[in-house]
Every structure is written in structure tokens, then in C-alpha cells.
Amino acid sequence: PRAGVIALPINRHKLWQLAADAVLIVLAWRLAFYFRFDQSVPVFYRELLSWQVVALVVAIKLPVFVLFGFYNRWWRYVSTRDMWGAARGVVVASLLVDLTLYAFPPEGTARLPRGIAFIDMLLLLAFVAGSRLLARTLIERPSPGGFVARGREVLIVGAGDAGQVILRELQRAPQLGYTPIGLLDDDPRKKNLR
């Protein structure tokens with residue numbers, strides 16, 4: 001994009017990620033009440049489970065996820081740094097929802113319990129991180145034949161970050177025709193490690 005033009009990271013290819021996160025937000029919100037009140041939500045909290053409130057929760061959290069760059073990355077390349085960014089996004093989104101519902105509680109309901117706010121945040125964090133890690137795991141899983149040599153066997157020189165990148169790419173792209181069988185490094189601390 002040109003300077004001065006703000007481009008949203010949401011396109012038709014990312015809509016399924018947005019929809020999946022919306023489902024995870026709803027699931028975490030409802031499960032928080034289910035776990036906190038042991039399956040029987042008191043009458044004075046039931047309005048917090050209405051579809052109007054749930055829609056408000058989704059309407060607050062999804063834009064925060066967009067602002068925190070959740071949809072700027074391919075899930076297949078999710079990293080530890082991305083997970084910390086996701087954690088920050090979930091915490092900020094949850095705090096915004098909690099503050100909104102504390103300041104403007106729906107009519108006929110008690111204030112949002114702190115336990116619900118905390119459980120919702122933890123569940124959503126687990127769901128968001130778990131969904132991204134699951135996507136990466138499914139994409140990187142070995143082929144049905146396992147790690148059988150499927151071409152020229154190679155040794156990678158260097159067991160540091162660069163060696164790891166090369167190893168992952170060779171495992172991810174069998175069409176290259178190489179099977180990594182080991183890594184060589186001059187650091188004795190890395191000897192016999194996987």
C-alpha cells in the first residue's frame with residue numbers, strides 16, 4: 001500500500017480465520033459461565049449470556065484482534081513471538097469487554113463476576129494459541145510414510161537458527177527431493193541432541 005493509505009489485513013482469504021476466532025470467542029464466553037457456576041447460571045447473570053451481550057463481546061474482541069495483527073500472518077508460520085502478540089491481544093480485548101460490561105451492565109443483571117472475566121480470558125487465550133499451534137502442527141506433520149528417505153540424503157552444516165530454518169523447509173517441501181539425516185556443528189554442547 002502507498003504511504004498514508006491504511007489497508008486492513010482482512011481479505012476474503014482471511015475471513016475463515018476471522019469466523020473461527022468469532023466462534024472461539026463465543027465458546028470461551030459461554031464456557032466461562034458454565035465452569036464458574038457449575039452448569040447452572042444464576043438468574044441474575046443469565047442476561048450476560050444473551051445473544052445481544054455475546055454479539056457485543058465479539059464486536060469488541062475481533063477488532064482488537066485485527067489491531068494486534070492476528071490476521072497479518074500465515075498460521076503455518078506462527079512463532080513464539082506471534083504467540084506473545086496473541087496473548088497481549090487477548091488480554092487487551094478481554095479487559096475492554098470487562099470494563100465495558102462493568103461500566104454499562106445490561107438491564108436486569110448483576111455486574112460481571114471477576115471470576116468469569118478471568119476464566120474467559122484464560123480460555124480464550126488457550127483457544128487462540130491452541131488453534132494456531134494446531135494449524136501449524138497439521139501443516140507440518142510428516143507424510144503418511146513418515147520420515148523415510150525420499151531422495152538424496154543430506155547433512156546440514158550448522159545446528160543453530162539457520163540450520164533449523166533449512167531443516168524445517170526440507171521437511172516441509174518433499175518436492176525438493178532431499179531428506180535431512182543429521183546436523184553438523186562445532187559446538188560440543190549440541191552433540192547428540194535432537
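Mentor: Before we start, contact here means heavy atoms within 4.5 Å. Keep in mind too that this is a predicted model.

Trainee: Thanks! Which residues is Asp21 in contact with, leaving aside its neighbours within four places in sequence?

Mentor: Begin with its setting: Asp21 is found in helix α1, residues 15–36. Asp21 has a relative accessible area of 0%, so it counts as buried, the cut-off being under 20%. Leaving aside neighbours within four places in sequence, its contacts are Leu62, Phe65, Phe70, Tyr71 and Arg132.

Trainee: What pattern does the chain follow along the sequence?

Mentor: Let's take the parts before the order. The chain has five helices and two strands. Read along the sequence, these follow the pattern α-α-α-α-β-α-β.

Trainee: What share of the contacts with a separation of 6 or more comes from residues 24 or more positions apart?

Mentor: The chain has 194 residues, and buried ones make up 37% of them. Among contacts with a separation of 6 or more, the share from residues 24 or more positions apart is 79%.

Trainee: Which elements give two or more residues to the largest nonpolar core?

Mentor: That core holds 37 residues, and those touching the most other members are Trp29, Phe33, Leu62, Phe65, Leu101, Leu112 and Leu124. The elements giving two or more residues to this core are α1, α2 (51–67), α3 (80–103) and α4 (114–140).

Trainee: Which residues does Leu112 touch, not counting those up to four places away in sequence?

Mentor: Leu112 is one of the core residues that touch the most other members. Not counting residues up to four places away in sequence, Leu112 touches Trp29, Phe33, Leu48, Asp98, Leu101, Tyr102 and Ala117.

Trainee: Are the rings of Tyr34 and Phe35 stacked or edge-to-face?

Mentor: The structure holds seven aromatic pairs. In the pair of Tyr34 and Phe35, the ring centres are 5.8 Å apart and the planes meet at 65°. Planes over 60 degrees apart count as edge-to-face, so this pair is edge-to-face.

Trainee: Are Tyr34 and Phe35 buried, exposed or partly exposed?

Mentor: Buried means under 20% relative accessible area and exposed means over 50%, with partly exposed in between. Tyr34 has 39%, and Phe35 has 48%. Both values fall in between, so Tyr34 and Phe35 are partly exposed.

Trainee: How far is the charged end of Arg30 from the centre of the Trp51 ring?

Mentor: Picture the charged end of Arg30 sitting over the ring of Trp51. Its distance from the ring centre is 4.6 Å.

Trainee: What span should α2 have at 1.5 Å a residue?

Mentor: The expected span is 1.5 Å times one less than the number of residues, and α2 has 17 residues.

Trainee: Which residue just after α2 takes a positive phi?

Mentor: First look inside α2, where the buried residues include Val53, Ile60, Lys61 and Phe65. Just after this helix comes a phi of about 75°, and the residue that takes it is Gly69.

Trainee: How far apart in space are Ser94 and Met121, C-alpha to C-alpha?

Mentor: Ser94 is in helix α3 and counts as buried because its relative accessibility is 1%. Ser94 touches Lys61, Asp120, Met121 and Leu124, not counting residues up to four places away in sequence. Ser94 and Met121 are 27 residues apart in sequence, yet their C-alpha distance is 5.9 Å.

Trainee: Which residues is Asp120 in contact with, leaving aside its neighbours within four places in sequence?

Mentor: Asp120 belongs to helix α4, and at 0% relative accessibility this residue counts as buried. Leaving aside neighbours within four places in sequence, its contacts are Ala28, Trp29, Ala32, Lys61 and Ser94.

Trainee: Is Gly108 buried or exposed?

Mentor: Gly108 lies in the loop between α3 and α4. Its C-alpha is separated by 8.6 Å from that of Tyr45, 63 residues apart along the chain. With a relative accessible area of 72%, which is over 50%, Gly108 is exposed.

Key. Residues are numbered from 1 along each chain as its sequence is written. This is a predicted model: local features need pLDDT of at least 70, side-chain atom pairs count only at pLDDT 80 or more; totals for chains, interfaces and linings use all residues. Side-chain values use heavy atoms; hydrogens and water are left out. Helices (H or I, at least four residues) and strands (E, at least two) are DSSP runs, numbered from the N terminus. Buried means under 20% relative accessible area, exposed over 50%, partly exposed in between (1.4 Å probe, protein chains only). A nonpolar core is a set of buried Ala, Val, Leu, Ile, Met, Phe, Trp, Tyr and Cys residues joined through side-chain atoms within 4.5 Å. Rings of Phe, Tyr and Trp (its six-membered ring) pair if their centres lie within 6.5 Å; planes under 30 degrees apart count as stacked, over 60 as edge-to-face and the rest as tilted. A charge sits over a ring if NZ of Lys or CZ of Arg is within 6 Å of the ring centre and within 35 degrees of the ring normal.
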